[in-house]
Amino acid sequence: TKLQSEIELSTTEAEYIALSQSMRDLIPSRELLDEVSQILQYSAPDQSKTISTVFEDNNGALELAKCPRMRPRTKHIAIKYHHFREHVTSGNIKVESIDTSVQIADIFTKPLTRTKFETLRKLLLGW
């Protein structure tokens, strides 16, 4: 990941931009796996397609990702961050809600208390 180069006006906007940037890594990876599976003539049993799930702990960003309509408070977000919406609406990628208490990514991005750090570390390492 890299630092965001723009100043956001809200946490929803910051989370949505971070979600968009993570999708920039996910979408080409999915396309590569699809091409490789076609070349190797591999198909997943009992499924015609594979669905990727991305977890988001901000309800505003989650709603923006799932419902492709503009709202007065979010219409200023640049169009370049909406590139992944067609993958979400087609069902190839699911954006799901996750409780902040179990959001493992927080261990890398936020200052945490010792107990919170230890809890997330256990989740990360699978203990």
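The legends below describe close-up views of a predicted model.

Residues are numbered from 1 along each chain as its sequence is written, and side-chain values use heavy atoms, with hydrogens and water left out. Because the model is predicted, local features need pLDDT of at least 70 and side-chain atom pairs count only at pLDDT 80 or more, while totals for chains, interfaces and linings use all residues.

**View 1. The protein chain has five helices and two strands.** Helices (H or I, at least four residues) and strands (E, at least two) are DSSP runs, numbered from the N terminus. Read from that end, the order of elements is α-β-α-α-β-α-α. Of the 127 residues, 28% are buried; buried means under 20% relative accessible area, exposed over 50%, and partly exposed in between (1.4 Å probe, protein chains only). Contact means heavy atoms within 4.5 Å. Among contacts with a separation of 6 or more, 65% are between residues 24 or more positions apart.

**View 2. Strands β1 and β2 pair in the parallel sense.** Two strands pair if DSSP finds at least two bridges between them; β1 (residues 52-56) and β2 (residues 93-97) have five. In a regular strand the side chains alternate between the two faces of the sheet.

**View 3. Ser-52 lies in strand β1.** Ser-52 has a relative accessible area of 15%, so it is buried. Its bridge partner in β2 is Ile-93. Not counting residues up to four places away in sequence, Ser-52 touches Leu-26, Arg-30, Asn-92, Ile-93 and Lys-94. Arg-30 is 22 residues away along the chain, and the two C-alpha atoms are separated by 8.3 Å. The side chains of Ser-52 and Arg-30 are joined by a polar contact of 2.8 Å. A polar contact is a pair of N or O atoms within 3.5 Å; within protein, one must be able to donate a hydrogen and the other to accept it, and residues adjacent in sequence count only if both atoms are side-chain atoms.

**View 4. The largest nonpolar core has 13 residues.** A nonpolar core is a set of buried Ala, Val, Leu, Ile, Met, Phe, Trp, Tyr and Cys residues joined through side-chain atoms within 4.5 Å. Tyr-16, Leu-19, Met-23, Ala-65, Phe-84 and Val-95 touch the most other members. The elements giving two or more residues to this core are α1 (11-39), α2 (59-66) and β2. Leaving aside neighbours within four places in sequence, Met-23 is in contact with Pro-28, Val-54, His-83, Phe-84, Ile-93 and Val-95.

**View 5. Helix α2 has buried residues along one face.** Ala-61, Leu-62, Leu-64 and Ala-65 are buried in α2. Seen down the helix axis, the buried residues fall within an arc of 165 degrees, so they line one face; the arc is that of the directions from the helix axis to the C-beta atoms. These buried residues pack against α1, β1, α3 (85-90) and β2. At the N-terminal end of α2, Asn-58 is the cap, with a side-chain oxygen 3.0 Å from the backbone nitrogen of Gly-60.

**View 6. His-87 is in helix α3.** His-87 counts as buried because its relative accessibility is 17%. Apart from neighbours within four places in sequence, His-87 is in contact with Ile-27, Glu-31, Asn-92 and Ile-93.
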